[in-house]
Amino acid sequence: MELYNSLISSTLDMLKSKKQKSWDYNPRKSWKDLGVAELILQSEAAYELGATGLGSANYVCVTSNSELVNKDQVILCGPDLDKIKKNNPFARIVLIRGGMLDGDDDEVYQALKNIEFSKYHVYPDGYMVRMSPESHREQIRVGKKAIKQGINFEAIGNRYIAEYKKDANVINVTVIFITDPDFDYATLTDNAKKTDKLTSTLCHIMEGLPTDCTVCQLKDICDEVEGMKELHFGVGDKGTNEHH
């Protein structure tokens with residue numbers, strides 16, 4: 001599964017020029033998970049990340065390429081949670097190396113969806129997550145109490161990695177948090193939109209789109225992404241449509 005490789009490379013290239021911290025995955029350092037969504041009132045919050053009017057992006061990219069993703073780690077670009085004092089831009093990007101992603105097309109698609117849904121099963125104590133799939137944003141409300149208890153991105157990242165690694169198809173996970181106010185959040189948002197478009201296109205292909213490029217509404221994405229057209233025709237050949 002190499003459809004997302006260019007987006008992974010783009011993301012990693014953007015980080016190269018920025019100062020960052022990284023931690024190897026340590027499940028013993030995972031932040032407490034409540035198991036259910038928590039409501040943090042405005043009066044209980046220290047600040048919000050990715051608040052309205054500030055940069056925000058969220059996306060997940062999966063690959064089978066061990067050169068792009070080869071370890072379980074947390075990366076932070078920008079100040080940690082204890083250093084932030086007011087509302088701040090925010091992005092969370094997850095890069096995953098998966099196994100068994102070159103088999104039956106339907107199985108590959110279902111594996112990708114299962115991996116994607118893992119993000120909805122993480123509920124860190126004192127860290128309220130609100131996602132907007134339509135705008136590709138992720139907004140975080142951090143509780144004052146959690147700040148006093150020492151909440152940090154290493155612990156939050158470990159919690160996300162632990163959840164993703166429950167999936168048997170997941171080999172390695174890199175969780176990237178970005179809080180640098182000067183980061184290019186507009187480009188991150190574009191990457192998030194492209195990721196979503198790729199996943200949506202894959203979904204439509206699995207549902208049996210026509211393989212006549214002159215009438216297909218997804219021709220642009222097939223032309224842009226290496227491997228998508230081959231996948232499209234490969235799936236289409238299974239159905240009643242003819243390859244023109």
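The secondary structure of this protein comes to seven helices and eight strands, where helices (H or I, at least four residues) and strands (E, at least two) are DSSP runs numbered from the N terminus. The model is a predicted one, in which local features need pLDDT of at least 70 and side-chain atom pairs count only at pLDDT 80 or more, while totals for chains, interfaces and linings use all residues. Residues are numbered from 1 along each chain as its sequence is written, and side-chain values use heavy atoms, with hydrogens and water left out.

Let me turn to burial. Of the 244 residues in the protein, 51% are buried, meaning under 20% relative accessible area with a 1.4 Å probe, protein chains only. Among contacts (heavy atoms within 4.5 Å) between residues at least 6 apart in sequence, 85% join residues at least 24 apart.

In soluble globular proteins, nonpolar side chains tend to be buried together. Here, the largest nonpolar core holds 55 residues; such a core is a set of buried Ala, Val, Leu, Ile, Met, Phe, Trp, Tyr and Cys residues joined through side-chain atoms within 4.5 Å. The members that touch the most others are L49, L81, I96, Y127, F177, I178 and L188. Leaving aside residues up to four places away in sequence, L81 touches Y47, L49, Y127, V142, I147, I151, N152, F153 and I156.

Next, the largest pocket. Its space is about 390 Å³. On a 1 Å grid over the protein atoms alone, a pocket is an open set of points where a 1.4 Å probe fits, with protein on both sides within 12 Å along at least five of seven lines; lining residues have an atom within 4 Å of a point. Grid points are joined across faces, edges and corners, and the volume is the space filled by probe spheres set on them. Of the 23 lining residues, E116, K119, T195, D196 and T199 are the closest to the pocket centre. Helix α5 (185–206) is one of the elements that supply at least two lining residues, alongside β3 (56–63), α2 (105–117) and β6 (127–132), and α5 gives the most, with six.

Helix α5 also holds N191. This residue counts as buried because its relative accessibility is 3%. Beyond residues up to four places away in sequence, N191 touches L7, S10, T11, M14 and Y59.

Finally, which residue has a positive phi although it is not a glycine? That residue is H136, at about 60°. H136 lies in the loop between β6 and β7 (137–143), and counts as buried at 11% relative accessibility.

Key. Buried < 20%, exposed > 50% of the residue type's maximum accessible area, 1.4 Å probe, protein only.
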